Amino acid sequence: MSKLNEILGVEDGQEFEYKSRLVGCIKCKIINGMRYTFDGYCWVGCTDEYILTEMINHPERIEILPVRPKLTEKQITAIKGRIAEGWNWVAKDVSNNPWVVCFTEKPIENEYTFCSSNGEGDSLANKDIFDFVTYKDSPIYLPDLLKEVEE
């Protein structure tokens with residue numbers, strides 16, 4: 001682990017967002033002591049010292065991003081099917097039950113569960129297919145998972 005990883009409190013290669021007062025939210029990662037940002041298409045090496053200084057002085061603005069799961073072909077097919085049916089979001093409540101709920105719109109967190117903002121939700125007991133969904137990482141926007149697969 002590099003000194004920069006230690007200072008910022010992030011693992012090597014771990015993606016995080018930094019909420020900069022100057023430029024807004026930046027998606028970043030550090031690999032072998034080198035800082036990279038995601039420009040929407042690819043990871044680019046950084047040389048902006050102002051942002052680096054801001055990160056070091058305000059580590060409370062760093063938010064670690066959840067690790068994207070490695071999806072199986074079966075999971076990819078199931079996700080594509082849910083999206084085709086109009087279910088773009090999935091979430092799981094805090095309990096240890098096998099149910100994962102799909103939503104057409106981004107759900108709202110309500111104490112220990114998620115609720116639909118428009119009254120539409122569909123429960124799934126596919127714990128094998130959607131085993132990557134946890135309460136901590138919920139809600140998950142399904143099209144984002146497929147972006148990772150297509151890259």
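I count two residues as in contact when they have heavy atoms within 4.5 Å of each other. With that settled, I started on the whole chain, keeping in mind that this is a predicted model.

**Entry 1: the whole chain**

I looked up the contacts between residues at least 6 apart in sequence, and 49% of them join residues at least 24 apart. The secondary structure comes to four helices and 11 strands. The chain has 151 residues, and buried ones make up 32% of them. I also checked the surface: the chain exposes about 9,300 Å², with carbon and sulfur atoms supplying 50% of that area.

**Entry 2: the cores**

Next I went inside. The largest nonpolar core has 16 residues. Which residues have the most contacts inside it? I noted Ile79, Val90, Phe130, Phe132, Val133 and Leu145. Helix H3 (73-84), strand S7 (100-103) and helix H4 (142-150) each give this core at least two residues. Apart from it I found another core, of 12 residues, and Leu8, Val10, Phe16 and Ile26 are among them.

Setting aside its neighbours within four places in sequence, I found Val133 in contact with Val90, Ala91, Lys92, Val100, Ser138 and Ile140.

**Entry 3: helix H1**

Asn5 sits in helix H1 (residues 3-8). Is Asn5 buried or exposed? I have it down as buried, because its relative accessible area is 0%, and buried means under 20%. Beyond the neighbours within four places in sequence, Asn5 is in contact with Val10, Glu11, Asp12, Ile30 and Gly33.

Helix H1 also holds Lys3 and Glu6, three residues apart, about one turn of the helix. These two form a salt bridge, with the closest N and O atoms 4.0 Å apart. Lys3 itself counts as exposed, at 59% relative accessibility.

How many salt bridges does the structure hold? I wrote down five. One of them joins the side chains of Glu54 and Arg61, at 2.7 Å from N to O. Glu54 and Arg61 are both buried.

Another salt bridge brings together the side chains of Glu85 and Arg82, at 2.8 Å from N to O. Here I checked each partner in turn. Glu85 counts as exposed, at 53% relative accessibility. Arg82 is buried, with a relative accessible area of 11%.

**Entry 4: cysteines**

I turned to the cysteines with a reminder to myself: a disulfide is a covalent bond between the sulfur atoms of two cysteines. My count of disulfides came to zero. Why is Cys28 in no disulfide? The nearest cysteine sulfur, that of Cys46, is 6.1 Å away, and a disulfide needs the pair of sulfur atoms within 2.5 Å. I noted too that Cys28 counts as buried, at 0% relative accessibility. Cys102 is buried as well, with a relative accessible area of 0%.

**Entry 5: a patch on the surface**

Last, I went back outside. Which residues form a nonpolar patch on the surface? I found Leu22, Val23 and Tyr50, with about 330 Å² of accessible area together. Leu22 has its place in the loop between strand S1 (16-20) and strand S2 (24-31). Its relative accessible area is 52%, so Leu22 is exposed, the cut-off being over 50%.

Conventions
Residues are numbered from 1 along each chain as its sequence is written. This is a predicted model: local features need pLDDT of at least 70, side-chain atom pairs count only at pLDDT 80 or more; totals for chains, interfaces and linings use all residues. Side-chain values use heavy atoms; hydrogens and water are left out. Patches are made of residues with over 30% relative accessible area and no salt bridge: like charges are joined within 9 Å, nonpolar side chains (Val, Leu, Ile, Met, Phe, Trp, Tyr) within 5 Å. Accessible areas come from the Shrake-Rupley method with a 1.4 Å probe; for residues, only the protein chains shown count as cover. Buried means under 20% relative accessible area, exposed over 50%, partly exposed in between (1.4 Å probe, protein chains only). A nonpolar core is a set of buried Ala, Val, Leu, Ile, Met, Phe, Trp, Tyr and Cys residues joined through side-chain atoms within 4.5 Å.
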